[in-house]
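Please read them with the sequence and the coordinates open beside you.

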Amino acid sequence: MFLVTGATGGIGRRIVRQLRERDMLVRAFVRLTSRYSELEHREAEIFIGDLRREQDIQKACRGVKYIISAHGSDSDALALDYRANIELIDQAKAVGVQHFVFNSVLGADRGYEDAPVFKAKRAVEKYLQASGLNYTILRPSGLASNLLPLAERFRQTGIYLLIGDPKNRTSIVSTDDLARIAIDSITVSGARNQILPVGGPEILLREDIPRIFGRIFNQEPTIVNPPLFVVDGVRSAVGLLNSQAQKALGTFRTLLGNEFFCTRAEIEQLESIFNLKLETLESFLRRYLAV
Ligand SMILES: NC(=O)c1ccc[n+]([C@@H]2O[C@H](COP(=O)([O-])OP(=O)(O)OC[C@H]3O[C@@H](n4cnc5c(N)ncnc54)[C@H](OP(=O)(O)O)[C@@H]3O)[C@@H](O)[C@H]2O)c1
């Protein structure tokens, strides 16, 4: 039995889909408010709970052999990116889980002081490495599935909002490839007890994304490009009202202000470990947008 957290999210949903396509038993950790009917139709076992509650995590872990942590944090990095993963790891040890796959983030080890999600991910990575469990830590760059709503908006307006440096490099990974990598990490020996950066096959500039949208929809993009200090202004204003939200915006600013890409050598290593050819961003978008 697999336990997948974040089972209704971009990565988690695809992990559950692919596990069920392989006829594997999977328990999907979802919230009552989540959109989980697709997972039910695929005959995943639905576990309704909240990752903020230790008791829910304890119950969800009963009888599981593998755990894939793929949940996000709703801007509460301490409760969800940190505490919930620490509890999952403790429970994994208690019930004798055979392999734990953790979705971290590219750049978790760069010491971004202002980004709670990155700090929580790094702390969990270290805890998992010291746990004695078999593990794989995946550090994805941006996910292609995140761009689908932006592409839909572009289809209607032709406008793309690009905050910060358009020349910053990124390697967006197909979320389907990432789901496959997460699942195969359990069986592929080259992934055991490894930290693996995960990106797409190309190093893109951020300004390439609206160009790809433009090609897909046969429409010249209008790029709106405010400088990064606009985000700093918004953060300061938000901070006057809500310091928690201001801290959460620190992660957002870190994502916008830095480069997140995998080197060619890292991508070659990934393709070789998992024996797969990574999909380009354009191919992913065309499949989902049906163009
Ligand atoms: N997105 C990226 O570009 C990116 C890049 C690198 C790493 N990552 C990491 O990959 C992981 C997944 O990212 P994603 O983009 O797939 O996330 P996502 O689409 O935002 O999904 C987040 C998932 O977490 C669940 N969740 C949030 N709070 C919860 C709670 N209190 N209890 C139970 N479930 C809860 C959500 O459930 P609901 O459906 O109920 O909201 C949803 O299923 C995250 O850890 C993220 O840090 C993401």
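1. Two residues are taken to be in contact if their C-beta atoms, placed from the backbone, lie within 7 Å. This is a predicted model, in which local features need pLDDT of at least 70 and side-chain atom pairs count only at pLDDT 80 or more, while totals for chains, interfaces and linings use all residues. Residues are numbered from 1 along each chain as its sequence is written.

2. Leaving aside neighbours within four places in sequence, Val4 is in contact with Gly12, Ile15, Val16, Val26, Ala28, Phe29, Ile68 and Ala70. A residue is called buried if 20 or more other C-beta atoms, placed from the backbone, lie within 10 Å of its own, exposed if 12 or fewer do, and partly exposed in between. A nonpolar core is then a set of buried Ala, Val, Leu, Ile, Met, Phe, Trp, Tyr and Cys residues joined through C-beta atoms within 7 Å. The largest such core has 78 residues, and Val4, Ile15 and Ala28 are those with the most contacts inside it. Helix 4 (residues 77–95) supplies the largest share of this core, with 7 residues; helices (H or I, at least four residues) and strands (E, at least two) are DSSP runs numbered from the N terminus.

3. On the overall fold. The protein chain has 12 helices and 11 strands. Its radius of gyration, taken over C-alpha atoms, is 19 Å, close to the 19 Å of the globule rule for 291 residues, so the chain is as compact as a globular protein of that length; the rule is 2.2 Å times the number of residues to the power 0.38. Along the principal axes, the C-alpha atoms fill a box of roughly 55 × 45 × 40 Å. Buried residues make up 42% of the 291 residues, and among contacts between residues at least 6 apart in sequence, 76% join residues at least 24 apart.

4. On the ligand. A residue counts as near a molecule if its C-beta atom, placed from the backbone, lies within 6 Å of it. Of the 25 residues around the ligand, Gly6, Gly9, Gly10, Ser34 and Gly72 come nearest. Helix 1 (residues 10–21) gives the most to this shell, with 3 residues. By class, the shell has 9 nonpolar, 12 polar and 4 charged residues, where Ala, Val, Leu, Ile, Met, Phe, Trp, Tyr, Cys and Pro count as nonpolar, Asp, Glu, Lys and Arg as charged, and the others, Gly among them, as polar.

5. Leaving aside neighbours within four places in sequence, His71 is in contact with Thr5, Gly6, Gly9, Gly12, Leu51, Leu80 and Ala84. The C-alpha atoms of His71 and Thr8, 63 residues apart along the chain, are separated by 8.6 Å.

6. The buried residues of helix 6 are Leu147, Ala151 and Phe154. Seen down the axis of helix 6, they fall within an arc of 60 degrees, so they line one face of the helix; the arc is that of the directions from the helix axis to the C-beta atoms. On the other side of helix 6, Pro149, Gln156 and Thr157 are exposed. The cover over the buried residues of helix 6 includes strand 7, helix 8 and helix 12. In helix 8 (residues 208–217), Ile209, Pro210, Ile212 and Phe213 are buried, and they cover an arc of only 155 degrees around the axis, which puts them on the same side of helix 8.

7. On two backbone angles worth checking. Glu43, in the loop between helix 2 (37–41) and strand 3 (45–48), has phi near 65 degrees, a positive value in a residue other than glycine. Asn218, which follows helix 8, has a positive phi near 55 degrees. Glu43 counts as exposed, with 11 C-beta neighbours inside 10 Å, and Asn218 counts as exposed with 7.
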